[in-house]
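Me: Please take a close look at one helix of this model, and state the cut-offs behind each term as you go. After that, go on to whatever else can be said about other parts.

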Amino acid sequence: MIHSLFLINHSGDIFLEKHWKSVISRSVCDYFFEVKEKAVDPENVPPVLQTPHHYLISIYRGKLFFLSVVQTEVPPLFVIEFLHRVADTFQDYFGECSEGVIKDNLVTVYELLEEMLDNGFPLATESNVLKEMIRPPNILRSVVNTLTGGSNVGDTLPTGQLSNVPWRRAGVKYTNNEAYFDVVEEIDAILDKSGTTVFAEIQGVVEACVRLTGMPDLTLSFMNPRLLDDMSFHPCVRFKRWESERVLSFIPPDGNFTLMTYHVSSQNLVAIPVYVKQNINFFETGSCGRLDITIGPKQNMGKTVEGLMVTIHMPKVVLSANLTATQGNYTYDLTTKVLVWDIGKLNPQKLPNLRGSLSMQAGAPKPEENPSLNIDLKIQQLAISGLKVSRLDMYGEKYKPFKGVKYLTKAGKFQRLSLSFL
Amino acid sequence: MSASSAFNDEKGGSSSVGEPEYGHDPASGGIFSSDYKRHDDLKEMLDSNKDSLKLEAMKRIVAMIARGKNASDLFPAVVKNVACKNIEVKKLVYVYLVRYAEEQQDLALLSISTFQRGLKDPNQLIRASALRVLSSIRVTIIVPIMMLAIKEAASDMSPYVRKTAAHAIPKLYSLDPEQKDQLIEVIEKLLADKTTLVAGSVVMAFEEVCPERIDLIHKNYRKLCNLLIDVEEWGQVVIINMLTRYARTQFLNPNINEGGGGEKTFYGSDEDEDEDEEEKEKKPYVMDPDHRLLLRNTKPLLQSRNAAVVMAVAQLYFHLAPKAEVGVIAKALQSSVLEPGMFEPYLKSFYIRSTDPTQIKVLKLEVLTNLANETNISTILREFQTYIKSMDKDFVAATIQAIGRCATNIGEVRDTCLNGLVQLLSNRDELVVAESVVVIKKLLQMQPEKHSDIIKHMAKLTDNIQVPMARASILWLIGEYCEHVPKIAPDVLRKMAKSFTNEEDIVKLQIINLAAKLYLTNSKQTKLLTQYVLNLAKYDQNYDIRDRARFIRQLIVPTEKSGALSKYAKKLFLALKPAPVLESPFKDRDHFQLGSLSHLLNAKAGGYQELPDWPEAAPDPSVRNVEVKESVRAVGTVTYRDTGALWGPQKMEGSEGCSFPRASDSASGSESGSGSEESGSGSESEESEEGSESEEEEEEEEEKDKKKKKKELKKPTIAPSSVLKNYELLHRITGEGLSVEYCFSRQPFSPDANMVAVQMQFTNSATSDTKNLHMEDVKLQSGMRVKEFPEIGEREPEDIQCTAMAVMGIDFCDSTQAANFQLCTHTRKFFVSIQPPVGELMRPIFLTENEFKKEQGQLMGMNEITEKLTLDAKCRNEHAIVQRVTTAANLSRVPCGSDKECRFAGRTVTSSSLVLVTVATKEEGAAQLTVNCEKMVIGTMLVKDILLALTQ
């Protein structure tokens, strides 16, 4: 299946190569570089490339390309999912997935890759199984190991590998037993010039941090499970229970994991927390323009909107911006032509406003398209869809765990278009 | 963050020494010598006695490999350390070996014996990694060794080792394809494996080695379907894809009866269809229950977090499900191009954001275009209009093409689209204009007479547009419809003649075409111009253009030499041309399996397996029937024992007697052994075993039989009538001649009522003595307890040559966690573990019907688990159900008034929690299984086990 993996940094250096079958020369990456040169954005490099003898399947994560080489038929999504899993594992082990950190932990990375695939087919991808085989870096242990000559490699088969709950290791012990759940929702919305919603949906995720002793069997139930529409679950969730009772029943992995992700796409359910009044004009003559933006609260369920930020990609001809903001600061990056207005907390009594003039390149024609606004915001303690956890029950263990749920709403791809019709 | 950076400081050596070396250019001579020196110090470190130094050296070497630097000259020094005790050094040596063995075959052979030893290690991880490395060394000489190792590992007791064996199969196959037949045997064996761990890997091996041997799947089909949900995600993808192909060969097309739809209309005349219809009336389509099983068991996986799994299920439904059911995949799958109607409600999910990468934009555009119909076209067009303003030019071009396709597909909006596109002609961006011209050209061909003003407008554009393709398109359009623009056409030709020499080749060709067409229709005005153009073309650099000019001159300009053809010149040039079909770039890939690499690239990738057409008539479905096996896993050396249990000792003696005297002994031993265990009561059991043990040897067959009968009579009524399953504790090979098997005797363990009795049987087939058999170093999960069996003492050499029995008690604390311990003889220690199936963690109790109902009433809600199932064809009568349930779990039958229900009751051994099982049967093998148990985990596991027992 997966023949080789090359890790390539932003400037096109291959800084790690791993082969699971016979060695493939790194010159195979030249095809990839050719395409990468042409692409404006690294994201625009097609994920699957065909070369005379190989197929190159790549992902772009953390400013790195994970490029895999395959020779025969394999579902492309299989490889892409796997590469993401590799990146996730690095993130999990080293706290981040970047060139520096991979280079610093080259041997651990190599050992991980060796364990994750055998002959190109995934062998162990569960984080807790891997962590028992290859221990993550940790100061204390590395001191001890240097002194005693001990190793970071486990010598017995992790119990998870054999059980039917491979995501959990046996014999977990904690003095403080706790289970926390974060319900995080992102609003994806496109509004048109007049402020009407063209498209809106909520992407939700339930992140969990579970530190419980033994083999707990948890059941998480919601006040309003019917809201949830299209879900995907961590393998630990019992599908049948969800289908019949609409509760999440699972034996949790140890530590942090994503329990489920969901969509709420029916339009009337998606509340838009702020409204934006905007007026951007470019004048035919005098090579200048005017900008006037006001933001106010809309449907925020009585919670405060925080971390408000507006980003505008200006047309190339806009040279500078001379604006005044009643709240927060703005910056205009001349090279990337991005205007960022960082507002902070939204005060409903005094609405933030940004206005002023834009100066354009002399003689250049007026831009055809008005730029669109990207809005970023945060609302603590609120899941905008109204989803609420009603209770968490634990079976199989006797102690009383400490439980907690947090809610957070964020703007995902919140776009306000300045449409004008043909 | 801080932790990881500090760690690197600690680790120091590897990165700080490794780093500068990376920067050097290996080609330059000076560096080369210092390189050489440094390798010398690595060699020194590898030769030292200290593991820490070796580890340091290996880390540096592996770092070199990771960066793609050559470290092959260290091979001899590294290989020496293959037997190093330090597990991390060992692993790194393995990494090195696999990388360079191919280049240094002779030296690599030195390491083989270490791996052969590793294959027999008591630690399953070491056995597995030895096999992994051995099979990864691509050296042809060791093929026979690899073959042997794989065969051995395929019957290993550890499922992890068996999984590794499955992985090794394709490795060996790629090294030596001639081994195929033998490997297929191993695959067949592993396919029968019942653990989820092995399933995905062996199917992968099957796909790589012998995808054409679909017959191997029959017997395992239902098992694979049932295991699927518990297989790890990667295995799921592979299995689902394989089962899709399997189903296409074994089941009938579920859409066969859909009138009009389906492939039926494509072939065959009307007559044929009539015949078909008659046939249909005779035989209404009934879905094979196995086909249904596959669809049902894959559906929950649509909610997997792994997109590859979701895609695999989606393609399965797309290729296999009845039309009415395909809809379920739409929600889970919003990124693929399938049948239109299905995705219509999700139209807006495909609206494009400026932040999407280009390829996603183009795909979404494709989806939107396919979804367009009369009702939603106006919304979609409005959406397209915003896209045209995007900064991403490739995307704009794709959008314009999409508008063109909407216009061709939906007649009502053709004019609107055309007008919109014409407006785009005044766009400032040349690319947009060019693309529009090309699309307009295609659209105009459909109704040229109505749009002469557009043609005129386009003629004007020739002054400004520079993109060759667009210029060529305009010229072609004018030439083709010159009759509609009689005044403008000659003028355009005049301008073109002027700029002819500076044009691109494709424009030049179109100028020649235009000239020729005008010459034929309007020779008065254009004769000279045409001559001029043709003369220019005659001396063009491009031979294509020269040829074209020569050819056209001969054809249109009448000379005395010109042949008969010139009479037809007009017909040739001004023939009515069919309007082009605007096609999706994604057309024509339907014949590939959805979601495959081949489908994506629209080209057959190596190793792609064609998805077969549905068969005309369904092959025999009975091939998938499986008889119930007694052993827990169908593989392995214990198969012999299974048959022994079924056929009795006499038969075995005849067939196996000469070659395996020990084995037959052990078989009879197990029979009588388990018997004596039943009769003996707890505390004396060990004595009675010893007794029966020593007697055994000299005993005659008859006596044995008698004894057996006697014991059978003595069986307590409550004990299940089913045969006890034997599990392997220590394999003959790993135990160096000593093999140990155990079974859960289902008898109360008298020293401690909270313990499960485990009966062990030792067989020594080695030539040397085995003494002092006892247990040591028991490792248990908290709460678990073990009552060890008494040491089996010294014996005379003859005695050792046979079997011995012992009983131990384990308190599993009502969990299926394994009890690990060492089994010691006077010379060796073996690591073994006993893991109970959940059904053995309980003991049967008597309940009346009323008691049962009362207890059940108190165990509702969370404590009740209900599953629907389809009973196996051989398990549809009461007797069979009772037998299978009691085999799977140590429960007793509860009397019941209804003959549609079977009830069973028991208590868990440790906590005495009630376990109630109800199997309610319905028509046609449908049934419902209900388990009520206070302990939810036990309940869930029990449901799974009983379900498996009843459906297979």
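Reply:
**Helix α17 of chain B**

Helix α17 (residues 289-298) of chain B has seven of its 10 residues buried, so this helix is largely enclosed by the rest of the structure. Buried means under 20% relative accessible area, exposed over 50%, and partly exposed in between, with a 1.4 Å probe and protein chains only. Helices (H or I, at least four residues) and strands (E, at least two) are DSSP runs, numbered from the N terminus. The model is predicted: local features need pLDDT of at least 70, side-chain atom pairs count only at pLDDT 80 or more, and totals for chains, interfaces and linings use all residues. Residues are numbered from 1 along each chain as its sequence is written, chains are lettered from A and ligands numbered from 1 in the order in which they are written, and side-chain values use heavy atoms, with hydrogens and water left out.

The buried residues of α17(B) are B:Asp290, B:His291, B:Leu293, B:Leu294, B:Leu295, B:Asn297 and B:Thr298. Their cover includes α14 (221-227), α15 (233-250), α18 (307-320) and α19 (323-326) of chain B; contact here means heavy atoms within 4.5 Å. At the start of α17(B), a side-chain oxygen of B:Asp288 comes to within 2.7 Å of the backbone nitrogen of B:Asp290. A polar contact is a pair of N or O atoms within 3.5 Å; within protein, one must be able to donate a hydrogen and the other to accept it, and residues adjacent in sequence count only if both atoms are side-chain atoms.

Two helix pairs of chain B follow. Helix α9 (residues 124-136) and helix α10 (residues 143-154) pack at an angle of about 150°, their axes 10 Å apart. Axes are lines fitted to C-alpha atoms, for helices over the stretch in contact, and angles run from 0 to 180 degrees between N-to-C directions. α9(B) and α10(B) are therefore roughly antiparallel (over 145 degrees; under 35 is roughly parallel, 65 to 115 roughly perpendicular, the rest oblique). Their contact is made by B:Leu131, B:Leu134 and B:Ser135 of α9(B) with B:Ile145, B:Met146, B:Ala149, B:Ile150 and B:Ala153 of α10(B). By class, this contact of α9(B) with α10(B) has seven nonpolar residues, one polar and no charged. Ala, Val, Leu, Ile, Met, Phe, Trp, Tyr, Cys and Pro count as nonpolar, Asp, Glu, Lys and Arg as charged, and the others, Gly among them, as polar.

In the other pair, the axes of α24 (residues 393-409) and α26 (residues 430-444) of chain B come within 9 Å and cross at roughly 20°. That makes α24(B) roughly parallel to α26(B). Residues in this contact include B:Val396, B:Ile400 and B:Gly404 of α24(B), and B:Val432, B:Glu435 and B:Val439 of α26(B). The contact of α24(B) with α26(B) divides into eight nonpolar, four polar and two charged residues.

Further along chain B, B:Cys813 is in the loop between β6 (803-811) and β7 (819-824), and its phi is near 60°, a positive value in a residue other than glycine. B:Asp814 lies in the loop between β6 and β7 of chain B, with phi near 55°. Most residues other than glycine have a negative phi. B:Cys813 counts as partly exposed at 29% relative accessibility, whereas B:Asp814 counts as buried at 7%.

Chain A has eight helices and 23 strands, and 57% of its 422 residues count as buried.
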